[in-house]
Amino acid sequence: MINLDTLFEIAELETKRLRHPYVGTEHFLLAYLKEYGNKYITYEEYRKYIIDIIGMSYKESEYVLYTPILRDIKNTCNNVIEAMVKILTNDDSIAYNILLSSGCDVEAIYLNIINTNY
């Protein structure tokens, strides 16, 4: 199992690939799916949802900025599961709202994450 800091680094890379100006919960979930997968949603599906809903910028940001929710998660969570629980149980989380608006079964995704043995 990769550590939490590594997952944040992957989220930053995903942000750059999407050319978004900030690292948010949606990028962290995308990084999680890239590394661990989920039987209810794939990395490719979720990436497409992000692009369909948020889009992509024409220019890569020069800075690494975190949204307030993800900054809080980075400062308070001790492991990947704890971070994912905070993301998928917070209705202000962009990741949660993208899943919901795309018709995904958020509860099934959540349960798959917390019941996975790493």
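Rings of Phe, Tyr and Trp are treated as a pair if their centres lie within 6.5 Å. The legends below describe a predicted model.

**Figure 1. Aromatic cluster of Phe 8, Phe 28 and Tyr 66.** Ring pairs join Phe 8, Phe 28 and Tyr 66 into a cluster. The structure as a whole holds 3 aromatic pairs. In one of them, the ring centres of Phe 8 and Phe 28 are 4.8 Å apart and the planes meet at 50°, so the pair is classed as tilted. This pair links distant parts of the chain, with Phe 8 in helix H1 and Phe 28 in helix H2, 20 residues apart.

Figure 2. Phe 8 has a relative accessible area of 1%, and Phe 28 has a relative accessibility of 0%. Phe 8 is therefore buried, and Phe 28 likewise counts as buried, because the term applies under 20% relative accessible area. Phe 8 also has a charged group over its ring: the charged end of Lys 74 sits there, 5.1 Å from the ring centre.

**Figure 3. Backbone at Arg 19.** Arg 19 is placed in the loop between helix H1 (4-18) and helix H2 (25-36). Most residues other than glycine have a negative phi. At Arg 19, however, phi is positive, near 55°. The relative accessibility of Arg 19 is 29%, so this residue counts as partly exposed.

**Figure 4. The largest cavity and its lining.** A search of the whole structure finds 1 cavity of 30 Å³ or more. The largest cavity holds about 60 Å³ of space. Its lining includes Glu 12, Thr 15 and Lys 16, together with His 20, Pro 21, Tyr 22 and Val 23. Ser 61, Tyr 63, Val 64 and Leu 65 are also among the lining residues. By residue class, the lining divides into 6 nonpolar, 3 polar and 2 charged residues.

**Figure 5. Context of the close-up views within the chain.** The chain has 7 helices and 0 strands, and its pattern along the sequence reads α-α-α-α-α-α-α. Its radius of gyration is 13 Å, close to the 13 Å given by the globule rule for 118 residues, so the chain is as compact as a globular protein of that length. The C-alpha trace spans about 40 × 30 × 25 Å along its principal axes. Of the 118 residues in the chain, 42% are buried.

Methods
Residues numbered from 1 in each chain as written. Predicted model: local features only at pLDDT ≥ 70, side-chain atom pairs only at ≥ 80, totals over all residues. Heavy atoms only, no water. 1 Å grid on protein atoms, 1.4 Å probe; cavity = no way out; pocket = protein on both sides within 12 Å on 5 of 7 lines; lining within 4 Å. Points joined across faces, edges and corners; volume = space filled by probe spheres on them. Nonpolar A, V, L, I, M, F, W, Y, C, P; charged D, E, K, R; others polar. Helix = DSSP H or I, 4+ residues; strand = E, 2+ residues; numbered from the N terminus. Buried < 20%, exposed > 50% of the residue type's maximum accessible area, 1.4 Å probe, protein only. Phe/Tyr/Trp six-rings, centres within 6.5 Å; stacked < 30°, edge-to-face > 60°. Lys NZ or Arg CZ within 6 Å of the ring centre and 35° of its normal. Rg over C-alpha atoms; globule rule 2.2 N^0.38 Å.
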